[in-house]
Structure formats: structure tokens, C-alpha cells
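Me: I would like to check the labels put on this protein one at a time, with the rule behind each. Please go slowly and show how each value leads to its label.

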Amino acid sequence: MNIFENFKLLKSDMIQNGWVIEAFPFNYKMVDYIILAKLYQEHEKRPKYALLKTEIIKADNTSKSLTIPANSNGFITDAKTLREFFNIEYSKNIGDILKQFENHFSIFIPTQINPNKPGNLKKSMISSLSKSDSEDPEKIYCFTVRRNPNKESRSLFNDNKSRLLRPNLYLKFKEEPTISFCYSKNIIDEKSDEEVLLNFSKRT
């Protein structure tokens, strides 16, 4: 069994359930991290043999992060990158130490999407999804839904973000992929599910 075999299972579950991102916690040397596992999109350049990409974020300082590809054999990067980010001291047996590190990391990798996440994981997912959708990550307050022109499908990023932020409203439009959810960064703009549905029905 490969060291990151769980990433294969996780990727399969993500694809099957329409998710492009998953988050899970990781702890190493008494430091907490948030791990975002992301599917490569068609327009993205994917390194050879990469299964998915991982964004590793320091939980106490989310401005510090490292994005590296990974596959079932481990991280696809050089030893120096891992050493510097995770503060792994250099030694003559660094190869063995990095293998131990990856073995430790593998314990945290889930095999399935977990819909019930603590706030910090959910927040990091939403921020990443917004950025991937060329949206301001502070736009988290849903105020309306709209039907896309030319019957274009909503982006997977908008879809996943809405599943996280407005799960009940999302279910109302789950089977209508041409409808996107619109967000504001001002809480005063936010509308309840009932208001969004009423306003949408008036327009249609």
C-alpha cells in the first residue's frame, strides 16, 4: 500500500460527490495546520503523476501557506521545501526523517468528504473557493440567485461554496445547474432563504 493511498480514495469520493476541495487538520511538532486537498481543473497545469494539489496553511497564521502537488507515493516536491516550511532540521539521514514525516501526515488523510467541519476548516475552504472563482473571499453573504446567460452552468467553486454556506438554499437549486448564487461582503445585504426564493420567483 502506498504511503498516501488515502488520497486516491479521497479523490474518488470527491469526484463522485461533486466536490473540488476538502479540508482536514494536521499537527506536527505541536503546530496546527489546515490542509486543503484540491482537484486539478482542466485549465490548470498539472505536474506529471500528480493526483491532486495540497495547500498547507498554518492555522495560527493563515497568510503562511505552501501549495504542493501530491500523489499516492507522497508529496511531489524537494526535501528543502518541506524542511523549511515544517521546520525540519537537516541531518545526514534526512531521507528517513522525511519518510517518517510523510508517514505521520498520512494518518490524517481522510478517505471521504466530511460534511461536518469546524469553523476554521470551513472558512479556509470558502476562502479558497472564492479565490478560485475570481471572487473576493470576504463575499460570504448570499443575497440572491441568478440564472446564468446562455444556459451556462454555475462554476464548481460557486456550487461548493454554496453547499457550505447555504446548504438548505442550495438544495432548492441543486438540480438546476444554470443557477448561480450571488454573495456580498456586507452582512446587511444578506437575505434569508425565504427572501431569496420569493425574489427569484417574482423574476421568473
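Me: Why is Arg154 called buried?

Reply: Buried means a relative accessible area under 20%, exposed means over 50%, and partly exposed is in between (1.4 Å probe, protein chains only). Arg154 has 8% relative accessibility, so the label is buried. Asp159, at 9%, is therefore buried too. One thing to keep in mind: this is a predicted model, in which local features need pLDDT of at least 70 and side-chain atom pairs count only at pLDDT 80 or more, while totals for chains, interfaces and linings use all residues. Residues are numbered from 1 along each chain as its sequence is written, and side-chain values use heavy atoms, with hydrogens and water left out.

Me: What makes Asp159 and Arg154 a salt bridge?

Reply: The rule asks for a side-chain nitrogen of Lys or Arg within 4 Å of a carboxyl oxygen of Asp or Glu. Here the N to O distance is 3.1 Å, so the pair qualifies. The whole structure has eleven salt bridges.

Me: Why does the pair of Glu44 and Lys53 count, and how accessible is each residue?

Reply: Their N to O distance is 2.3 Å, so this is a salt bridge by that rule. Glu44 has a relative accessible area of 24%, which makes this residue partly exposed, whereas Lys53, at 16%, is buried.

Me: Which residue does Arg166 bridge to, and where do the two lie?

Reply: The partner is Asp193, with the closest N and O atoms 2.6 Å apart. This pair links distant parts of the chain, 27 residues apart: Arg166 is in the loop between helix 5 and helix 6, and Asp193 is in helix 7 (residues 193-203). Helices (H or I, at least four residues) and strands (E, at least two) are DSSP runs, numbered from the N terminus. Arg166 and Asp193 are both buried. Elsewhere, salt bridges with shared partners join Arg154, Asp159 and Arg163 into one network.

Me: What makes an aromatic pair stacked or edge-to-face here?

Reply: Rings of Phe, Tyr and Trp (its six-membered ring) pair if their centres lie within 6.5 Å; planes under 30 degrees apart are stacked, over 60 edge-to-face, and the rest tilted. That rule gives 23 aromatic pairs. Phe26 and Tyr28 are 6.4 Å apart, centre to centre, with 10° between the planes, so they are stacked. Both of these residues, Phe26 and Tyr28, are buried. Phe173 and Phe181 are 6.1 Å apart with 80° between the planes, and therefore edge-to-face. Phe173 and Phe181 are buried as well.

Me: How do you know that Arg163 sits over a ring?

Reply: The test is that NZ of Lys or CZ of Arg is within 6 Å of the ring centre and within 35 degrees of the ring normal. The charged end of Arg163 is over the ring of Trp19, at 4.5 Å from the centre. Lys161 lies over the face of Tyr183, 4.4 Å from the ring centre.

Me: What makes the phi of Met30 worth a remark?

Reply: Most residues other than glycine have a negative phi. Phi of Met30 is near 65°, a positive value in a residue that is not glycine. Lys29 also has a positive phi, about 55°. Met30 and Lys29 both lie in the loop between strand 1 and strand 2. Met30, at 78%, is called exposed, and Lys29, at 46%, partly exposed.

Me: What is called a pocket, and which residues are closest to the centre of the largest one?

Reply: On a 1 Å grid over the protein atoms alone, points where a 1.4 Å probe fits form a pocket if the set is open, with protein on both sides within 12 Å along at least five of seven lines; lining residues have an atom within 4 Å of a point. The largest pocket holds about 460 Å³, a volume being the space filled by probe spheres set on the points, which are joined across faces, edges and corners. Of its 18 lining residues, the closest to the centre are Lys123, Ser124, Ser127, Ser128 and Lys131. Helix 4 gives the most to this lining, with six residues.
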